[in-house]
Amino acid sequence: MISIILPSKNEPKISQLVEEIEKLYPGSQVIISNDRYGNGKGWAIRQALNHSKGDLIAFLDGDGDIKPKMLKRLIPFLEDYDIVVGVKPISGLWSRRILTFFSRYYIALFFNLKIDSQTGIKIFKREAMQEFYNNGWLFDLEILSIAKQKGFRMIEVPIEANVTKKMKLISIWNTLRESVTLWLELR
């Protein structure tokens, strides 16, 4: 069975997304991890993981930018890998392209991860899902870093995405700040 966790902070399309997942993956467990109280995306995911029952655990952002059918693109790679991460093409505004390029370079340099940790679609074999403590946006970077240290195999697979939101300067700053803190904690 696959447990599909949808992080959501009052996403308007969440019920439509759940219906689509249930049609595509009958028998799957769909868990909406809601951060109503502002505790952070990592906190909400950790709460959802406590209720997950599947041998496979998937994260799929609840904003609808990535369609649930993209999980079908990742699943076959679980035969050879423990973790499969979707990677979206670098596109859109030049500012977003430059920021994405530097973000991926920064993560590769400081965390030794050549995986796009911030795309909102990932799938794990249960044994590869690592305990994590980060409550913010970088919970998945922490999970992937620990999994790599423990020798779990991972790959990124191209996916299609329809990114509609602009990046906010405060989000970029918070991500940079959180990543420095995480890097110091994992050393």
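**Figure 1. Contacts and overall dimensions of the protein chain.** Among contacts in the protein chain between residues at least 6 apart in sequence, 76% join residues at least 24 apart. The model shown here and in the following views is a predicted one. Of the 187 residues of the protein chain, 45% count as buried, and the accessible surface comes to about 10500 Å², with 56% of it belonging to carbon and sulfur atoms. The C-alpha trace spans about 40 × 35 × 35 Å along its principal axes.

Figure 2. The secondary structure of the protein chain comprises 6 helices and 6 strands, which follow the pattern β-α-β-α-β-α-β-α-β-α-β-α when read along the sequence. The radius of gyration is 15 Å, close to the 16 Å that the globule rule gives for 187 residues, so the protein chain is as compact as a globular protein of that length.

Figure 3. The 6 strands of an open sheet are arranged in the order β2-β1-β3-β5-β4-β6, and their pairing is mixed. Because β2 and β6 (residues 154–158) stand at the edges with a single partner strand each, one side of each is left without a neighbour in the sheet. From one strand to the next, the twist averages 20°.

**Figure 4. Strand β1 and its parallel partners.** With strand β2 (residues 29–34), β1 pairs in the parallel sense over 6 bridges, and I4 has V30 of β2 as its bridge partner. Strand β3 (residues 56–60) also runs parallel to β1, to which it is joined by 4 bridges, and L56 of β3 stands opposite I2.

Figure 5. Helix α1 (residues 14–24) forms a right-handed β-α-β unit together with β1 and β2. In the sheet of 6 strands, whose order is β2-β1-β3-β5-β4-β6, α1 touches β1, β2 and β3, and the direction of this helix makes about 170° with that of β1. Helix α5 (residues 139–149) lies across β3, β4 (residues 83–87), β5 (residues 121–125) and β6, and runs at about 35° to β5.

Definitions and conventions. Residues numbered from 1 in each chain as written. Predicted model: local features only at pLDDT ≥ 70, side-chain atom pairs only at ≥ 80, totals over all residues. Heavy atoms only, no water. Pairing = 2+ DSSP bridges. Helix = DSSP H or I, 4+ residues; strand = E, 2+ residues; numbered from the N terminus. Right-handed = clockwise from strand over helix to strand, strands pointing away. Axes fitted to C-alpha atoms, helices over the stretch in contact; angles between N-to-C directions. Contact = heavy atoms within 4.5 Å. Rg over C-alpha atoms; globule rule 2.2 N^0.38 Å. Buried < 20%, exposed > 50% of the residue type's maximum accessible area, 1.4 Å probe, protein only. Areas by Shrake-Rupley, 256 points an atom, 1.4 Å probe, with all protein chains shown as cover.
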